[in-house]
Amino acid sequence: MTNYVMLNNDEHKDLRINTSHSIEMGDGVNFAMTFPFEFRNAQAHYPIFFQKNTETGRFYPVALFGFEPNENLFLNDQGWGAAYIPAMIRRQPFLIGFQADESEPGTKKAVVTIDIDNPRVGKESGEAMFMDHGGTSEYLQEVTQNLELIHQAHEHSDNYISTLLENDLLEQFSLNIDLEDGSAHQLLGFYTINEERLQKLSAEVLASFNDQGFLMPSYMVLASHSCLRGLVDLKNQSLR
């Protein structure tokens, strides 16, 4: 269970954040939401696909970490074994929240909230959020910048998905994975970009994609598929 509260330097001045990565810290997940702005970095390490929310019907992009629920093949004794960690993983245990803006009645402003029940939160060790004199630490400033980037990226990502759907570019796929120990896995429930349809888009549509910042991310998604081989290798290593 999560317990998000608005962060403030009076109640939380003594709290510290454990920034290590492990199952105990909540990193045992087999995928995480990602955003077009980070596809260039993410595609070097993770296969990028799309999932469909069964309740809302909305699609969202994800970076894949494993083939089974709660399986993160990038976790090892040293932490997270990839040079780039997606923004939605790095933002933990923080989240953007909203509260009434007293200066503009009827509107809300974005604030930083923290899940005080998250295993990363404690008082013994970790990154301090506030300085002794009351100012914010460099760590918290970086966290805030990351949260602002995520907040802004949601709208761009939604527009990107809508454009892919309008041009019939998303397709469901399945993948059979045979492992060294003789076992097999089937990757189901994910969508990807139809490369042939993407290449056949008119020059006008391609120009529109490029102007909106949608073209490069689309090719980054396709390029990321080469990371499946590396993910299978990590899975085989975990079985030895």
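Which residue in S5 is the bridge partner of Ala-32? Ala-63 is that partner. The legends below start from this pair.

This is a predicted model, in which local features need pLDDT of at least 70, side-chain atom pairs count only at pLDDT 80 or more, and totals for chains, interfaces and linings use all residues. Residues are numbered from 1 along each chain as its sequence is written, and side-chain values use heavy atoms, with hydrogens and water left out.

**View 1**
Strands (E, at least two residues) and helices (H or I, at least four) are DSSP runs, numbered from the N terminus. Two strands pair if DSSP finds at least two bridges between them. Strand S3 (residues 31-33) pairs with S5 through three bridges, in the antiparallel sense. Strand S4 (residues 48-52) is also antiparallel to S5, with five bridges. Here Phe-49 has Val-62 of S5 as its bridge partner. Six residues lie between the strands of the S4 and S5 hairpin, where Gly-57 adopts a positive phi near 80°. Buried means under 20% relative accessible area, exposed over 50%, and partly exposed in between (1.4 Å probe, protein chains only). Five of the six residues of strand S5 (residues 59-64) are buried, so the rest of the structure largely encloses this strand.

**View 2. The open sheet S10-S2-S11.**
Three strands make up this open sheet, in the order S10-S2-S11, with antiparallel pairing. Strands S10 (121-122) and S11 (127-128) are at the edges; each has a single partner strand, so one side of each lacks a neighbour in the sheet. Strand S2 (residues 16-17) is joined to S10 by two bridges. Arg-16 has Gly-122 of S10 as its bridge partner.

**View 3. The largest nonpolar core.**
A nonpolar core is a set of buried Ala, Val, Leu, Ile, Met, Phe, Trp, Tyr and Cys residues joined through side-chain atoms within 4.5 Å. The largest one holds 44 residues; Phe-50, Trp-80, Tyr-160 and Ile-193 touch the most other members. At least two residues of this core come from each of helix H1 (39-42), S4, S5, helix H3 (138-166), strand S12 (170-178), strand S13 (184-193), H6 and helix H7 (227-239). Contact means heavy atoms within 4.5 Å. Leaving aside neighbours within four places in sequence, Tyr-160 has contacts that include Phe-50, Ile-193, Pro-217 and Val-221. Another core, of 13 residues, lies apart from the largest one; among its members are Leu-7, Ile-17, Val-112 and Ile-114.

**View 4. Helix H6 and Ser-224.**
Ser-224 belongs to helix H6 (residues 215-224). Seven of the 10 residues of H6 are buried, so the helix is largely enclosed by the rest of the structure. Among the buried ones are Leu-215, Met-220 and Leu-222. Ser-224 has 0% relative accessibility and therefore counts as buried. Not counting residues up to four places away in sequence, Ser-224 touches Gln-43, Tyr-46, Pro-47 and Ile-48.

**View 5. Asn-176 on strand S12.**
Asn-176 sits in strand S12. Its relative accessibility is 58%, so Asn-176 counts as exposed. Not counting residues up to four places away in sequence, Asn-176 touches His-185 and Gln-186. A polar contact is a pair of N or O atoms within 3.5 Å; within protein, one must be able to donate a hydrogen and the other to accept it, and residues adjacent in sequence count only if both atoms are side-chain atoms. The side chains of Asn-176 and Gln-186 make such a contact (3.1 Å).
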